[in-house]
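Subject: The structure, and some notes to go with it

Hi,

Here is the structure I promised to pass on. Have a look at it first, and then read my notes below.

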Amino acid sequence: MDDMMRAMDYLKVTSTMHNAALASTACTGRTLGEDREPIWVEGSKSTAKPPSPVESPAPEQKKKIPLPPKTDFEPNISCFPDVQAINASIVKRELAEEGKRCVRQQLKALKDKQDGLRVLREPQQKEEERQRDQMQQKVLRERNESLLIQKADQMAAAQLEAQQREQLSLRQQTDQKLHKLALEGVSRCQRRFNQKYEAIARILLSLDKETVKVCSAQNAQLKELGQKFEQLVSTVKMGKCDLQSQFLCSIIKAEECCKSLDVLELDIIRQLAEFSEQIQQQLKMEAAKKLEEERQKQQQEEERQKQVEQEKLRQEEESEAKKKQQEAEAAKAETAKVSAPLETKSQDVPPAATVTSTCVHPDRLKFYNDILALYQSKVDAVKPLQTEETLKQYRTGCQRAINLPLNAISAVSPQHLAQNFDKLYSFFAGQPTKVMNGATITINDHPLARDYCMLLMAKKFVSQTETAICSNPQAAFPFASVIITFWKLLPDFGKVFLAYMYKESPFLVPYVIPQQPGQTPEQYLKTIGYRLTDKNELEKPDIYLKRQTGIARLYAAVIITHGRKAAGPDQCFELDEGWLWLTHMVNVKPLPDISATMIMEILQTLGFELWRTYGKQFVKLLVYIQNIYMPQLAAYDEGGPKTRLEMLLAKFLRERQIAQAVGILPPGFW
């Protein structure tokens with residue numbers, strides 16, 4: 001566009017110059033102002049004529065403009081106006097105006113053309129701009145949408161991951177809750193199952209061999225249910241099942257096992273009822289037969305008595321002549337009758353060994369008598385010291401020197417136990433001991449003081465069974481350790497201690513003292529360890545059993561507890577004493593409650609050591625107690641101790657192990 005404008009301007013200027021040249025050649029005079037003579041510049045070397053008027057050129061010469069003639073002088077421009085310059089300026093001005101006018105016209109035309117083109121192109125530009133804006137908006141929208149989608153995907157992925165973590169956490173919490181609920185549910189079912197299982201086991205164990213054969217199918221089913229339930233419990237405890245489904249199913253299975261056990265119990269009861277009916281029918285038939293036989297025997301006896309009476313009458317009707325002979329014969333017959341009953345009586349009464357063997361073994365009875373004889377000899381020996389009124393303060397000092405450290409015995413630490421033992425032993429070693437009011441005494445102050453203090457200390461140890469050991473079974477072991485240590489250092493002390501134990505509980509021999517003829521029940525209960533209360537009444541059975549339990553715990557603790565290392569390695573009362581006691585106890589006559597209580601306490605304290613030492617022989621002994629002794633005990637005892645002993649035996653044989661007693665002191669503790 002600019003090139004075209006420049007070309008047009010060039011053409012316009014050329015045309016204008018051409019027209020001005022033509023006008024200047026045709027001009028004959030001045031065109032501006034008045035005519036004047038030309039003014040020439042003074043001082044020029046030559047003069048020239050004023051220019052003649054310009055002749056009009058010929059037509060063929062119009063295209064060529066002649067140049068003015070050269071003059072030798074220069075006009076004084078300042079004095080005379082230059083016509084050509086004026087004309088040229090006029091022409092130039094006109095040309096400039098004409099050029100401007102043409103340019104304005106052309107510019108106006110171009111502007112109009114541009115306005116037209118712009119008007120024509122404005123909708124198209126608007127459309128293009130609109131399309132471009134739409135494209136930009138679309139691209140921007142697509143970019144925004146892609147960014148939004150990307151952000152949304154990221155947020156969704158993060159939210160999904162958070163939800164997954166939350167779901168995983170919730171699932172774990174749910175699984176833990178389900179596991180806990182399953183454990184609680186199965187444990188409740190396990191208690192019910194164990195109680196029912198042990199009840200059924202007791203029923204089966206109480207039967208004889210013939211009756212057990214009738215329930216053989218139920219017995220096998222009982223074992224199968226027990227194994228199945230144990231497997232279910234172990235599975236739930238280990239957490240090996242699917243937490244979402246099988247934990248809840250395990251509770252249902254446990255309930256089903258309990259229900260199956262109930263059904264099995266009813267089946268066993270029904271089977272036993274049918275069998276008992278058959279037995280009763282057989283017994284009725286046998287009873288009828290016996291009645292018939294007894295009736296026949298009675299008839300025969302009556303006939304025989306009639307014959308005897310007739311024979312007596314016949315003998316009475318004999319002649320008096322043979323009276324002396326008959327008297328002699330009668331005297332001989334009288335002698336025979338007297339001797340015959342004596343022989344019969346001597347045959348009916350069993351020997352002393354046979355009578356005592358049902359109550360105590362002869363060897364144990366001899367040991368028991370020896371212990372009591374030693375104890376009684378020491379008691380008789382210290383009576384002067386015990387009854388002398390002037391020695392009352394000395395006896396009080398001895399009691400204080402023994403009671404204070406003995407009551408403080410415990411397994412708090414080895415140093416504490418050793419410290420209290422040293423106080424006791426230093427007193428027995430003859431060292432001075434402080435008592436009340438700052439006074440000091442020694443065991444050598446009286447010749448009978450050693451035996452007196454030995455009896456006093458043994459009695460005090462036994463009295464701990466009804467105070468500290470009954471309420472805290474673990475307290476038996478520190479006391480037992482001190483007792484064993486004194487037993488090693490003072491052998492007579494151990495025998496005196498056993499004498500006090502046997503006096504409190506003869507079942508530790510074991511010796512079931514029989515009730516003597518004419519002995520009242522109260523007197524008999526005193527002989528087996530019952531005490532009188534403050535109201536001069538016999539103590540209640542539960543208090544008696546509690547005290548006997550403490551005595552059995554201390555006795556068993558003495559058997560398995562080691563003494564002080566410095567006292568020597570020898571064990572004066574070893575584990576075989578527990579084995580002998582248990583084997584003898586199941587061979588003596590059982591008594592209600594007390595027999596089961598003593599056996600159960602000894603098994604709980606010594607069972608671990610006996611099983612580890614005797615192995616299969618101990619297991620055989622447990623089986624013997626369960627199958628042979630318990631039916632014998634059931635004939636005398638149907639109380640709680642007997643039931644607890646049955647459950648304990650069943651547990652030991654089922655688990656094939658016995659837990660070690662809690663609180664036992666390790667070897668070398670002090």
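Grid points are joined across faces, edges and corners, and a volume is the space filled by probe spheres set on the points. Please keep in mind that this is a predicted model, in which local features need pLDDT of at least 70 and side-chain atom pairs count only at pLDDT 80 or more, while totals for chains, interfaces and linings use all residues. Residues are numbered from 1 along each chain as its sequence is written, and side-chain values use heavy atoms, with hydrogens and water left out.

**Cavities**

With a cut-off of 30 Å³ or more, there are three cavities. Which residues line the second largest cavity? Lining residues have an atom within 4 Å of a point, and here they are Ser-481, Thr-561, His-562, Gly-563, Leu-665, Pro-666, Pro-667, Gly-668, Phe-669 and Trp-670. This lining divides into five nonpolar residues, five polar and no charged.

**Aromatic pairs**

Rings of Phe, Tyr and Trp (its six-membered ring) pair if their centres lie within 6.5 Å; planes under 30 degrees apart count as stacked, over 60 as edge-to-face and the rest as tilted. The structure has 18 such pairs. In one of them, the ring centres of Tyr-530 and Tyr-544 are 3.9 Å apart and the planes are at 15°, so this pair is stacked. Helices here are DSSP runs (H or I, at least four residues), numbered from the N terminus. Tyr-530 sits in the loop between α16 (521–527) and α17 (541–560), and Tyr-544 in helix α17, so the pair ties together parts that are 14 residues apart in sequence. Both tyrosines, Tyr-530 and Tyr-544, are buried, where buried means under 20% relative accessible area, exposed over 50%, and partly exposed in between (1.4 Å probe, protein chains only).

Helix α17 also provides Tyr-555, whose partner Phe-573 is in the loop between α17 and α18 (576–585), 18 residues apart. Tyr-555 and Phe-573 are edge-to-face, at 5.6 Å centre to centre with 75° between the planes. Tyr-555 is buried at 1% relative accessibility, and Phe-573 is buried at 3%.

There is an aromatic cluster as well, formed by Phe-421, Tyr-425, Phe-427, Phe-428, Phe-461, Phe-479, Phe-486, Phe-493 and Phe-497.

**Helix α12**

Phe-461 from that cluster is among the buried residues of α12, which also include Tyr-452, Cys-453, Met-454 and Leu-455. The expected span of a helix is 1.5 Å times one less than its number of residues. For the 15 residues of α12 (residues 449–463) that gives 21 Å, and the end C-alpha atoms are 21 Å apart, which agrees.

**Cysteines**

How many disulfides does the count give? It comes to zero, taking a disulfide as a pair of cysteine sulfur atoms within 2.5 Å. The sulfur of Cys-189 has its closest cysteine sulfur in Cys-258, 4.6 Å away, which is too far for a bond. Cys-189 is buried at 1% relative accessibility, and Cys-359 is buried at 8%.

**Backbone points to look at**

Most residues other than glycine have a negative phi, and most peptide bonds are trans. The peptide bond from Val-509 to Pro-510 is cis, with omega near -5°; Pro-510 is in the loop between α15 (491–504) and α16. Asp-593, not a glycine, has a positive phi of about 70°. Asp-593 is in the loop between α18 and α19 (594–614), and is partly exposed at 24% relative accessibility. Arg-656, also not a glycine, has a positive phi of about 60°. Arg-656 lies in the segment after α21 (640–655) and is exposed at 52%.

**Contacts across the sequence**

Thr-467, in the loop between α12 and α13 (468–471), is 83 residues from Gly-550 in sequence and 8.7 Å from Gly-550 in space, C-alpha to C-alpha.

Happy browsing!

Methods: Helix = DSSP H or I, 4+ residues; strand = E, 2+ residues; numbered from the N terminus. 1 Å grid on protein atoms, 1.4 Å probe; cavity = no way out; pocket = protein on both sides within 12 Å on 5 of 7 lines; lining within 4 Å. Nonpolar A, V, L, I, M, F, W, Y, C, P; charged D, E, K, R; others polar.
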